[in-house]
Amino acid sequence: MADAPSSVPRSLLEADQATLRAFIVARGGKAFHAKVLRRAVLERGVLDYEHITDLPAGLRAILSEELPIFSGRLVDELTATDGTHKLLIEFPGRTDRDKPVSVETVHIPPIRPDRDPNKGATLCVSSQAGCPVACPFCASGLLGLARNLQAHEIVEQYVRGRALGPLSRSVVMGIGEPLLNYTQLSTALDTVRDEMGLGGRKLTVSTVGFPDRLRKLAPQRPRFQLAISLHTPDQAQRDRLVPAMAGVPIEDILAAGDDWFEQTGREVTYEYVLLGGENDSEGHALRLLDRLRGRRCSVNLIPYNPTPELPFYRPESGAPEYFRDTLVEGGLTATIRWSRGLEGSAACGQLRLVR
Ligand code: SAH
């Protein structure tokens, strides 16, 4: 039979359809129960086998015993006063010799749910355990990269996140550089879209912007919004702020962003973390304007969220607004994104690998 099981799956999310079918049939269930099961978990978000009542009770009992839904384990969770909820999830090594890794996933509910009861939360997911890019201002790169996440580990973050409250958007802006784990990420995003029903326009992937990779991806018209972390109009400063991209010309990144827009019809958002006294001067704003003028794009300004051991500061009060106004007066679309979850260390750049 083509459906021979490769091995006993460690979790429901880790098992592909064929493996899951074989597992179920070997335990007296029917092949179609595999689909029923995935639907219940992914589409409806049922996380307890006992509640999947369209499966026979005997099978449910066996599944509860033998096949955990998740391969990860929730090791910590934290809620900030603004309702932002951070999950710390530990995933086992792929072999017994590997160490487990932990990543963070953040559920950010709407600020005024009373005003818009249909509006769900934003989920911020991680693509890697640790990060090899090592931007000196970001906590995620402090320990380097432990390993890439597997597709099912990314899906697990979505399933756990949605269990905290309905989602209306998601951003791949947690730990890691998504384009360095793109194969697993895109498999996961397919599942999230096709089986969980979270559509492409509601999904943003943020990257430091590898031009060659972006040029390869754009013709495939991937169904997500693209955000590129730019952070400065000055080449020498970018080489320092985004060390893994040192030597990649800013113009080349912007040209790849232009190509992206042409090929996908979707505008790129440039992210710019405002570091006090570092890249938040009027001169920076004017030079950024020079770089971006005439391009179809928008700018998200993120006032820096401090991490105690890192030598960077929040911009002075009023500086973000001045920076934004300079861009807007020059004809750009620019928005200040005040991060939420600050006091729970759940804000941009505060997520880190815990080993
Ligand atoms: N690695 C990807 C995904 C991270 S997205 C990327 O760099 O695009 C998170 C965004 O928050 C990035 O633009 C990142 O540069 C920014 N960021 C990192 N540390 C930050 C901090 N301490 N305060 C505010 N923004 C930060």
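Let's start with the second largest pocket. It is lined by 22 residues, and Leu 13, Glu 14, Ala 15, Asp 16 and His 152 lie nearest its centre. The most comes from α5, with four residues. The volume is about 480 Å³. By class, the lining of the second largest pocket divides into eight nonpolar, nine polar and five charged residues.

Some ground rules. This is a predicted model, where local features need pLDDT of at least 70, side-chain atom pairs count only at pLDDT 80 or more, and totals for chains, interfaces and linings use all residues. Residues are numbered from 1 along each chain as its sequence is written, and side-chain values use heavy atoms, with hydrogens and water left out.

Now the terms. We work on a 1 Å grid over the protein atoms alone: a pocket is an open set of points with protein on both sides within 12 Å along at least five of seven lines, a cavity is a set where a 1.4 Å probe fits but cannot get out, and lining residues have an atom within 4 Å of a point. Points are joined across faces, edges and corners, and a volume is the space filled by probe spheres set on them. Nonpolar means Ala, Val, Leu, Ile, Met, Phe, Trp, Tyr, Cys and Pro; charged means Asp, Glu, Lys and Arg; the others, Gly among them, are polar. Helices (H or I, at least four residues) and strands (E, at least two) are DSSP runs, numbered from the N terminus.

Next, the domains. The chain is divided into domain 1 (17-66) and domain 2 (73-344), with bounds from an automatic or database domain assignment. Seven residues from domain 1 and seven residues from domain 2 make the contact, meaning heavy atoms within 4.5 Å. The C-alpha centres of the two domains lie 35 Å apart. Back to our pocket: the lining of the second largest pocket draws at least three residues from each domain.

On to the sheet. It is open, with 10 strands in the order β1-β2-β3-β4-β7-β8-β9-β10-β11-β12, and the pairing is mixed. Two strands pair if DSSP finds at least two bridges between them. β1 (73-79) and β12 (333-336) stand at the edges with a single partner strand each, so one side of each has no neighbour in the sheet. The twist averages 20° from one strand to the next. Angles run from 0 to 180 degrees between N-to-C directions, with axes fitted to C-alpha atoms, for helices over the stretch in contact.

Take one pair. β4 (121-124) and β7 (167-172) run in the parallel sense over four bridges. Cys 124 stands opposite Val 171 in β7. Helix α8 (250-264) packs on the sheet, touching β9 (225-229) and β10, and its direction makes about 145° with that of β10.

What lines the largest pocket? There are 29 residues, with Ile 108, Thr 122, Arg 169, Val 171 and Arg 337 nearest the centre. The volume of the largest pocket is about 860 Å³. β3 (101-108), β4, β7, β10 and β11 (297-303) each supply at least two lining residues.

Last, the cavity. The whole structure holds one cavity of 30 Å³ or more. This largest cavity has a volume of about 480 Å³. Of its 27 lining residues, Cys 138, Met 173, Gly 174, Ser 229 and Gly 349 are the closest to its centre. β8 (203-207) and β10 (268-274) each supply at least two.
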